[in-house]
Amino acid sequence: MGQSEREPLPSSDPRLPPGQRRQRGWPALHYGPVPRFKPLTWDFQVFGATASAEKHSWDFAGFTALPRTTVRADLHCVTRFSLLGNEWTGVPASEVLERVPPAPGVTHVMVWAEYGYSANLRLADFADASAVFATHRNGEPLSAEHGFPVRLVVPHLYAWKGPKWVRAVEYMRADRRGFWEERGYHNLADPWREQRYSYQEEPGDGPLR
Ligand SMILES: Nc1nc2c(c(=O)[nH]1)N[C@H]1C(S)=C(S)[C@@H](COP(=O)(O)O)O[C@H]1N2
Ligand SMILES: [Mo]
């Protein structure tokens, strides 16, 4: 067999973090049922340690009227699939921070979704320019199973840190584990460092369990 007939070596995509493989199509992955969107009662709340000490809330029209951005980013699921080259459009997380400033001393946020799903983030991860409350992917509104009307996308962390069906952001003066972080997943969740499981945590990576 001539050299030219050999199979090329599988070239690994530099966008793939260690231990991840590329996914074609878009699987839906979540714990529990898909919530139904109720436009009349839907709100997006910001509570906890706000600078004003007041809770803030937007209704659907108010939230979707906020300034928007489009972020091109990959999604990495801890179950090892990565969805490369998505375009997420929505409200930057930094916009929420600007409109409802956190009190001095806030270090973390908890992002809350329907049915009590939650994910904790360091304030710096949440404030990152790529973190977006997405309403659209690749120009299409999200479907119900992918988080309609709003999901958080934090591209530099494993995707469980991005709740679908977001309803609230809580400002916190100390770290606290979210839904998966309480159930054995890593508190920080950097896919480039393969921070998958809480047993890999080093002192200082998270609150005591
Ligand atoms: N509310 C909620 N958001 C969630 C989850 C969930 O169980 N509930 N799963 C997370 C996980 S583990 C992943 S990989 C992504 C999957 O997003 P997708 O279903 O749009 O592919 O959603 C994240 N957001
Ligand atoms: Mo995931």
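The tour begins at the ligand and then moves to individual residues of the chain.

The model is predicted, so local features need pLDDT of at least 70 and side-chain atom pairs count only at pLDDT 80 or more, while totals for chains, interfaces and linings use all residues. Residues are numbered from 1 along each chain as its sequence is written, chains are lettered from A and ligands numbered from 1 in the order in which they are written, and side-chain values use heavy atoms, with hydrogens and water left out.

**Stop 1: ligand 1 and its shell**

Next, display distances from the oxygen atoms of ligand 1. A polar contact is a pair of N or O atoms within 3.5 Å; within protein, one must be able to donate a hydrogen and the other to accept it, and residues adjacent in sequence count only if both atoms are side-chain atoms. Lys164 places a polar side-chain atom 2.5 Å from a ligand oxygen, and for His146 the corresponding distance to a ligand oxygen is 2.6 Å. Leu29 takes part through a backbone N or O atom, 2.8 Å from an oxygen of ligand 1. Taken alone, ligand 1 exposes 530 Å², and the protein buries 96% of that (Shrake-Rupley method with a 1.4 Å probe; for residues, only the protein chains shown count as cover).

**Stop 2: strand 5**

Strand 5 covers residues 81-92; strands (E, at least two residues) are DSSP runs, numbered from the N terminus. Select Ser82 in this strand. Is Ser82 buried or exposed? Ser82 is buried, because its relative accessible area is 0%, where buried means under 20%, exposed over 50% and partly exposed in between (1.4 Å probe, protein chains only).

**Stop 3: Arg196**

Move to the segment after strand 11 (166-172), where Arg196 is placed. Arg196 is buried, with a relative accessible area of 2%. A polar atom of its side chain lies 2.8 Å from the backbone oxygen of Val78.

**Stop 4: backbone geometry**

Most residues other than glycine have a negative phi, and most peptide bonds are trans.

- Arg80, in the loop between strand 4 (69-76) and strand 5, has a positive phi of about 95°; it is partly exposed at 35% relative accessible area.
- Asn138, in the loop between strand 8 (132-137) and strand 9, has a positive phi of about 50°; it is partly exposed at 39%.
- Phe148 and Pro149 are joined by a cis peptide bond with omega of about 5°; Pro149 is in the loop between strand 9 (140-141) and strand 10 (151-153).

Conventions:
Helices (H or I, at least four residues) and strands (E, at least two) are DSSP runs, numbered from the N terminus.
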